[in-house]
Amino acid sequence: MSTEPEGASEELAVTVAPHLRELRRRAGLTLEAAAKAASLSPAHLSRLETGRRQPSLPMLLALARTYGTTVSELLGETPAGPGSVVRAGAMEPTEAGGWTYWQAGGSGRGMQALRVRVPYGSQGDIVRVHPGEEWLHVLTGRLRLRLGDSAHLLGPGDSAHFDSLTPHRIAAADPDGAVLLFVHTLLQSPLGALCLGDVHPGGA
């Protein structure tokens, strides 16, 4: 099960607070109007804007819709361009925890795409729980996926889409390992450890 580093909640709250306040003012909304639109109390939104409360992913999504922006902008990331094309030759492999990753999408977005090689016998006993959604598609090999109390064996062409708050565990089923496409909507922040490993590919 994943854990946040000590002080992580405070760091996220302090990072997000000024952007929440700035975007609300840019949208021309009072604290009361913005809170009502996002289904929050004015007091709760005020605490978020002053860094006294850590925002959850559902709160960030609701506020992003209210302000007509993205979760990435709420987190203070550099806005992404209108689109990205990633050429095969530009995908630099990064290893983390025995797994190999290739960044398959643009940075600065709420959805991150990777190509991942899962070696046999690596990280298969690690159970993770965190905010967000995940989608994976097996390209080669077979993958063992455990979601809560259910176990699945996925082969080439099989996919899975699940809420990351469901305890999950991923492992290659065969000695040759497995290769998959992986898309996640984890919070992109200094606190957001990648679900499949210990560091972000390419240091992102």
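I looked up the contacts of Arg146 (heavy atoms within 4.5 Å) and, leaving aside neighbours within four places in sequence, found Ala151, Pro167, His168 and Arg169. The model is predicted, so I kept to its limits: local features need pLDDT of at least 70, side-chain atom pairs count only at pLDDT 80 or more, and totals for chains, interfaces and linings use all residues. Residues are numbered from 1 along each chain as its sequence is written, and side-chain values use heavy atoms, with hydrogens and water left out.

I placed Arg146 in strand S5, residues 143-147 (strands are DSSP runs of E, at least two residues; helices are runs of H or I, at least four; both are numbered from the N terminus). Pro167 is 21 residues from Arg146 in sequence, and their C-alpha atoms are 8.0 Å apart. Arg146 is partly exposed, at 31% relative accessible area (buried is under 20%, exposed over 50%, partly exposed in between; 1.4 Å probe, protein chains only).

I turned to H3, residues 42-49, and found His44, Leu45, Leu48 and Glu49 buried. These residues cover an arc of only 135° around the axis, so they are on the same side of H3 (the arc is that of the directions from the helix axis to the C-beta atoms). Just after H3, Gly51 has a positive phi of about 80°.

Last, I checked Trp102: Arg115 lies over its face, 4.3 Å from the ring centre (the criterion is NZ of Lys or CZ of Arg within 6 Å of the ring centre and within 35 degrees of the ring normal).
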